[in-house]
Amino acid sequence: SEAAESRGLTYLGGDGKPGQASTPVLLDKRIEPRRSAWQLILDRLRIGPGAGPDQSKPKWWNSNRLLLEGVPFGASSFHEVASQQNRPRYLAALRQARPVVRAMLSARRPLFLIGDTNSDHDQPLSRWLREHGLTSNHNQLGEIATRGGRSIDTVLVASRFVTRRGA
């Protein structure tokens with residue numbers, strides 16, 4: 001938080017519960033935080049072998065109501081379970097995504113979800129997110145490799161808030 005604040009950013013990092021530090025939100029000083037709510041979306045769970053431990057750490061979602069030049073919107077960060085080719089891990093990823101997608105689809109203003117899906121644009125979780133009403137920077141701008149040639153990092157929003165391709 002000190003590094004962010006030394007660069008003029010507002011740090012929204014939770015209240016120290018295990019797992020919250022993995023999904024902070026950094027805001028430009030022009031953005032006014034209106035409300036920040038943390039929701040546990042995946043508790044410690046045995047997810048089996050893959051990248052990282054066999055048991056997931058708690059996964060939190062930080063939903064923020066924000067204001068920029070009088071325009072309300074929301075933004076949050078997200079970090080999905082890795083090695084989703086393993087069925088228990090993919091099921092944990094879906095369990096983590098469902099409450100977030102429900103909130104994004106019911107929001108009255110754009111709610112941007114920014115982070116690491118651990119799922120390339122053409123893989124099951126990314127397809128599931130699109131099939132359930134979201135679009136991403138990859139849909140709008142073309143697939144963009146962000147890490148090691150993979151397109152696992154993304155910005156998502158409910159499709160209804162995008163009025164034209166590339167907007």
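**Helix packing and aromatic pairs**

Helix α2 passes α3 in a right-handed crossing (the near helix is turned clockwise from the far one by less than a right angle). The model is predicted: local features need pLDDT of at least 70, side-chain atom pairs count only at pLDDT 80 or more, and totals for chains, interfaces and linings use all residues. Residues are numbered from 1 along each chain as its sequence is written, and side-chain values use heavy atoms, without hydrogens and water.

Helices α2 (residues 87-106) and α3 (residues 124-131) pack at about 25°, with their axes 11 Å apart. The two are therefore roughly parallel (angles under 35 degrees). Contact (heavy atoms within 4.5 Å) involves Tyr-90, Ala-93, Leu-94, Ala-97, Arg-98 and Val-101 of α2. From α3 come Pro-124, Leu-125, Trp-128 and Leu-129. Nine of the contact residues are nonpolar, one is charged and none is polar.

Two aromatic pairs are counted (ring centres within 6.5 Å, using the six-membered ring of Trp). Trp-38 and Trp-60 are edge-to-face, at 6.5 Å centre to centre and 70° between the planes (edge-to-face means over 60 degrees). This pair joins strand β3 (residues 31-42) to strand β6 (residues 59-68), across 22 residues. Trp-38 is partly exposed at 22% relative accessible area, whereas Trp-60 is buried at 12% (buried is under 20%, exposed over 50%, partly exposed in between, with a 1.4 Å probe and protein chains only).

Phe-73 and Phe-112 are also edge-to-face, at 6.4 Å and 65°. Phe-73 lies in strand β7 (residues 71-79) and Phe-112 in strand β8 (residues 111-116), 39 residues apart. Phe-73 is buried at 14%. Phe-112 is partly exposed at 30%.

Technical notes
Axes are lines fitted to C-alpha atoms, for helices over the stretch in contact, and angles run from 0 to 180 degrees between N-to-C directions. Helices (H or I, at least four residues) and strands (E, at least two) are DSSP runs, numbered from the N terminus. Angles under 35 degrees count as roughly parallel, over 145 as roughly antiparallel, 65 to 115 as roughly perpendicular and the rest as oblique. Ala, Val, Leu, Ile, Met, Phe, Trp, Tyr, Cys and Pro count as nonpolar, Asp, Glu, Lys and Arg as charged, and the others, Gly among them, as polar. Rings of Phe, Tyr and Trp (its six-membered ring) pair if their centres lie within 6.5 Å; planes under 30 degrees apart count as stacked, over 60 as edge-to-face and the rest as tilted.
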